Amino acid sequence: MRSGGTLVGRTRRRFSFNEKILGLAILLITAVPFILHQHIVRNEVHHHPYHLPPQTSTVVSRNFGSAKSGGGHVRYSINGEYTYDGDLPSDIGDTGRTLLLTALQKRPIWDKELVPNLEKERCNRYFVYQNYTRNTTTYKGRKRRRIFMGSLIADDSWHTLAAIALETYGIYTAVAFVESNRTQTGVPRKSRFVKGTLDHKLLVESNLFGPETEVVVEHFSHEEKVEGLGIIREHMQRDRILKLWKKAGMTPDDVGILTDADETVSRDFLRAVQSCDLPQFDAVTENCDTPKVAVASMVFEGSPECMTVTRKWMHPDIILGKCIEGIGDDSFKLADDERHRPFAWRKPKFTKKENYTGWSKDKTTYPLWNAADFRRDQGGMKFIFEDVSYLRFRMGHTGFHFHNFFDTTQQLRNKYRTYGHPVPGADNMTISEIHPDLDLFVDCVLNRNVSSNKHKTLTTRLEEFEGRIPIAYTIDGYSLARHKEMGNILLEDELGHDQSWHDIPSRP
């Protein structure tokens, strides 16, 4: 302090030049390990050879309109060559346009060449636990297997569709979508991906999934009463996928992935499925006893920045063509009375859980899997994980689930009101009241306390996460911009966010 203009109290000591040099050296010795760790982590996430983001385009001309109105004609180019020249859908937000334009770029398949050393290293990273033993996969030198993907599709956001397309670009031989004119609960809906519409053009005609990938959409209509209600209606639609695979040329040697339109296998694991010595995908030795590989997916709840860290979603599902109804030998197909009802899953005595007690021991192959078996747990499956150092048991994820991604709160309420496990009165509830997953999502996006939620989200920004992230989320600025955009959408919701799932006494 000062008294009468004179400085009193502790006086400052000036350090000599040598002392300053010594102090700087100590600081560097202390800081370098931290800086090096941060560099390694950042390099692993953003510059991993399997996470290279698409080359950024140059906007030649554009007319986006605002984030909530209109689309616009856009021309993009890379090095003077047009990579996209066409319209965009309305109401997908600025970040949606950015992501979709990136996915629509005409570009080479950067990992198309099969490099044995890289394949061997990749295969050594994946393992399955069997009889409490960890078994890793190997690479013995082979051409890549063909993969066919199939999914139901409805009002799914372009944020999820574009992210899936970016992750899988150029890998699938064929992609089959089935769109219904009714929801699972039978509520009529307007078909979205009809030929001649912009949505159909982008999904089917634009090479969104790769220059050589065939994409088809079949429209499903069944107006008669369905025995078994919504879940059977869903499996009837999935059955169409298997038929579309057959039409696209799938054989017993190929591999099928049954998924929802908000899920995807990671690109690295897709390449492992194509190249690694996985017994489930060997058509010579696989007898369909335990043919299914379930993907362990990391869940993103509504926003790229809301990655849950306390659960994994065990889909999509992968099976060899030899074990799929319509692709494998029909002599191993179950009859309708050996299932709970037509299009439904098999009765217990025809499952691995009950050791196939109803199946003839004289048959060399176990029952073929229909679409309902494919999606459900019938006991005959394995979980394959990626070996990672940041988890205690090293069981890293092999896919991604983009849960509750939407472009308006009205779309989200409609989903919970009319699809699987409908919530009565969802139209008049706050988003947080509808479901505990949505409660977590709102708390995460609005930066509220999440301690009372069933699951927890990453406590840091996604860019600081050590593990594998979707290729779409490596695009500079996208993840945080979309997170902010979601916050604005929630804050504008007219029902507000004062009430949550935990405020209703009858709920846990």
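Trainee: Which residue in β15 does Met298 stand opposite?
Mentor: Met298 stands opposite Lys312 in β15. Keep in mind that this is a predicted model.

Trainee: And how do β14 and β15 pair, parallel or antiparallel?
Mentor: Antiparallel, over three bridges.

Trainee: What's the strand order in that sheet?
Mentor: The order is β12-β19-β14-β15, an open sheet of four strands with mixed pairing. The edge strands are β12 and β15, and each of them pairs on one side only. On average, neighbouring strands in this sheet are turned by 25° against each other, direction ignored.

Trainee: Which helix packs on the sheet?
Mentor: That's α4, residues 158–168, which touches β12 and β19. The direction of α4 makes about 5° with that of β12.

Trainee: Which way do the residues of β19 point?
Mentor: Gly399, His401 and His403 point one way, while Phe400 and Phe402 point the other way. In a regular strand the side chains alternate between the two faces of the sheet.

Trainee: Are those β19 residues buried or exposed?
Mentor: All are buried, and the strand, residues 399–403, is mostly covered.

Trainee: Let's switch to helices. Why is α7 described as largely enclosed?
Mentor: Nine of the nine residues of α7, 267–275, are buried, so the helix is largely enclosed by the rest of the structure. Among the buried residues are Arg267, Asp268 and Arg271, along with Phe269 and Leu270.

Trainee: New topic: where is the cis peptide bond?
Mentor: It joins His315 and Pro316, with omega about 0°. Pro316 lies in the loop between β15 and β16.

Trainee: What about the backbone at Tyr356, what's phi there?
Mentor: Phi of Tyr356 is near 50°, a positive value in a residue other than glycine. Tyr356 sits in the loop between β16 and α8.

Trainee: And phi of Asn447?
Mentor: Phi of Asn447 is near 60°, also positive in a residue other than glycine. Asn447 lies in the loop between α11 and α12.

Trainee: Which of the two is buried, and which is exposed?
Mentor: Tyr356 is buried, with a relative accessible area of 1%. Asn447 is exposed, at 71%.

Definitions and conventions
Residues numbered from 1 in each chain as written. Predicted model: local features only at pLDDT ≥ 70, side-chain atom pairs only at ≥ 80, totals over all residues. Heavy atoms only, no water. Buried < 20%, exposed > 50% of the residue type's maximum accessible area, 1.4 Å probe, protein only. Helix = DSSP H or I, 4+ residues; strand = E, 2+ residues; numbered from the N terminus. Pairing = 2+ DSSP bridges. Axes fitted to C-alpha atoms, helices over the stretch in contact; angles between N-to-C directions. Contact = heavy atoms within 4.5 Å.
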